[in-house]
Amino acid sequence: MELDFLKNFPKRMKFIGAYGLLFKNSLLKGTWKQFGIDNIYEQTNLIFSVLLFIMEQSLKDEYCTMDDIGSFIDTINMTWFKKDLSYEQCKELGDFIVNVILCDEGRAMYFKGFDYEKGEYKDIHISFVGNKPVYIDGSVKRTSYYLTDDGYNLLLSTLEVENNMKLTIQEMIFKLQLEKASYDKAVDTIKNIFNLLRIQLQTMQEAMRRIRQNALQFSVPEYHQILEDNLTTIDETRKKFSGYKEHVKNLVENLQDQDIHIQELSSKEVDNLRCLKIIESYINRALDEYQKILSTHFDLKALYTKELESLVQMSLIKRFFIRNELYDKILKEPSHLENIDIFLRPLFNKDVDKIYNIGKAFEYQKPIRDKEIEEEEILETFDNEAWLKEQQEKLEQKLRTYKNSLQCLLNYVYQYKEISLKDLKEVISEEEKEVLIPNIEVFREVMVELIRNKTFNFYELRKEREEHFAEKVNSFQINLCLLEIIDESNKLRGIKSLDIRKADGDIVEFNNVINEAGQLKKIRCTNIIFTIDKEAGYGL
Amino acid sequence: MAYEIEEITTSQKIFYYLLKYKELREEEEQELYKAYTENKAVMNLVKQQGEVADSIIERYGSVIYLIPKEDNDFLGFSKAQLKKELCRSGATDKDYYLSQFVILTILAEFYDGQGSTSKTRNFMKVGELINCISERLKEGAANQKEDDDQSGLAFTNMIEAFEALRSDEKGAKTKTTKEGFIHRILEFLQNQGLIDYIEADEMIKTTKKLDHFMDFNLLNKNNYDRVMKVLGVTEDE
């Protein structure tokens, strides 16, 4: 009887074995009950959702820590499954699903497949999820999980097709969709193609990581498989995608030309244009990914050769079994532990003792600045935003004192139309005096600014402000401040201009005015006369 | 055999580098690495210096390691020094032997393989390690009852020491918890570059260095005499 159909049986078994191991790891576990999940369908749905989540993160090249997985489970549980689980429990559940079920607590997983060509069972290695240490925000060391090649195969076979065929079939679909102008569907397909390319790249990166860790763990058939997949991809992708790129580019340009010349596209055409643009961007990204695959392909080859070369001298080493030869014997006779350090010592290096050089004593002694540096660092870690906000508040407070002082002055000038500082001093109440002169420094600045400008024409200032000032100013600007005051007040809005001139000879004295340092002082200043011009119809 | 002065200097540089950093990686010190791998004279000189310093210089993969010999207390750890590193102050011998047992258990769990590499696990969680140790200790104690307690060192004692440590649900790593005890050992192994210990996820992963050491050195049949020494078997047996 011809038994050709049994060829490649282990390959099929690898595929089936993946499901087999998954269900074996999941079904017999009592832990599920803790989370109120009893049925196999509930377990399976959850496991595959988590796997999909890890795939999504892997495809996006983003970290996937247990916290992320926990939050994901929490989200889907809150929305759909509605089990009574807290966030912490969701994290535990994620830990259980990933580390216990998918990784078998870190043990390497094998499924025995019968090899009809050799007539014996063959161990087929299967792993769904791998993990690696990563530093989050550059400091916190965490474990990040990612999908392995087997994991990808398992998941893709749930919706897509098997490995080598995947790209080709997706491409065929893509081509058909382009021809039929069903661009919205073509967008999905090109996304899939892009993902497949990315998976290919990640498979290689993972292989390189494993070779670096331990080249002996990486088998020759595996290496062969990866290279073959690569070559097929490299061979076909570039030519086709360059073709697509041109084609899509032309389509986009045609539509855009139409848009310019005939003014308007129908809504369907606008949609098409949008889709085509997405497709174009994905084709470009796919080509980028292709470039990376190409270079990684050579890196991988070089790395594997190199690692193998450096290990070749070691390949003849014969090993004994730690468990049989040592561990079990110690379990029988603990007194052997007394000398176990003989076995372990080669692993450990002690730091060599330091030697004190007496000459150090004669060096110029500088204080050790560790502490100060530490303090500086603490200052730097202060919340930048809060600090800015505080500074902003201080500034606003200061500007308000200027404004109040000016407002107080304007009110009196408005009332009298023309008033000198000397007269003002006579009529002003004690309370208002504090507003007018909050402290010496502010008062001086206000007066100096007023005198320096001599005259303010508010009509022109307003025009100028409209034309020039777009940004908010952060310091005292007398023009703007005056404008603000008269614009805000119904009474003062009628002021057309303000004139300031010095009155010869007279000196005005203000007693008991504080300065910024809080000391009481007497100010003596020249007398100034303020005059305003009001619009007709306003007061007077 | 005559050596060039340059070769001697290079070999001394390599040896001093090794004293400082315990290992020399190709990607970090290309020139020295190249000199060692490509110039037989340099390699011999370095190895010779290692011999004088009671150590072995070996290259595994693309890293050159300085490996102190078993009885080298200057570059390696003596029992007392190891105890100081692994156990809290005031620890008894029971604690020390327990710590040795913990390390051995980690190795036995990870390197139980028979294929082209001895490594069989990708990771182990701290919780599992603690359970594993408890179980193995009990197993050992069960063995012991049969031929009575003859030596001072017994698993029953170690179980007592281990179980006397509290187990903290939240994994508080104070001195008196199992987690704290294990934590100290794992930190030590991590500082020695042997494992990746990810505290936040309670994850233990082995490093390339440990993989190499186990495959090429510790479990190498050529070094089986160490095991014989540990087991107290004399050579002529």
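Predicted model: local features only at pLDDT ≥ 70, side-chain atom pairs only at ≥ 80, totals over all residues.
Strands (E, at least two residues) and helices (H or I, at least four) are DSSP runs, numbered from the N terminus; two strands pair if DSSP finds at least two bridges between them. Within this pair, B:Met124 stands opposite B:Ile204 of strand 6.

The sheet in chain B is open and has three strands in the order 4-6-5, with antiparallel pairing. Its edges are strand 4 (124-125) and strand 5 (195-198), each of which pairs on one side only.

## Helix 8

Helix 8 (residues 178-191) of chain B lies across strand 5 and strand 6, at about 130 degrees to strand 5. Axes are lines fitted to C-alpha atoms, for helices over the stretch in contact, and angles run from 0 to 180 degrees between N-to-C directions; contact means heavy atoms within 4.5 Å. From first C-alpha to last, the 14 residues of helix 8 of chain B reach 20 Å, close to the 20 Å expected at 1.5 Å a residue; the expected span is 1.5 Å times one less than the number of residues.

Helix 8 of chain B is largely enclosed by the rest of the structure, because ten of its 14 residues are buried. Buried means under 20% relative accessible area, exposed over 50% and partly exposed in between, with a 1.4 Å probe and protein chains only. Among the buried residues are B:Phe181, B:Ile182, B:Ile185, B:Leu186, B:Phe188 and B:Leu189, and also B:Lys178 and B:Glu179.

## Ends of helix 8

B:Thr177 lies in the loop between helix 7 (155-164) and helix 8 of chain B. B:Thr177 is buried, with a relative accessible area of 0%. A polar atom of its side chain lies 2.9 Å from the backbone nitrogen of B:Gly180, which is among the buried residues of helix 8.

After helix 8 of chain B comes B:Gly193, with a positive phi near 75 degrees.

## Chain B and confidence

Chain B has ten helices and six strands. Of its 237 residues, 54% count as buried. Among contacts between residues at least 6 apart in sequence, 49% join residues at least 24 apart.

The mean pLDDT (the predictor's confidence in each residue, from 0 to 100) of chain B is 85, and 91% of its residues reach 70 or more. The model scores ipTM 0.82 and pTM 0.60.

## Conventions

Residues are numbered from 1 along each chain as its sequence is written, chains are lettered from A and ligands numbered from 1 in the order in which they are written, and side-chain values use heavy atoms, with hydrogens and water left out. Local features need pLDDT of at least 70 and side-chain atom pairs count only at pLDDT 80 or more, while totals for chains, interfaces and linings use all residues.

Terms used:
Polar contact = N/O pair within 3.5 Å; in protein donor to acceptor, adjacent residues only side chain to side chain.
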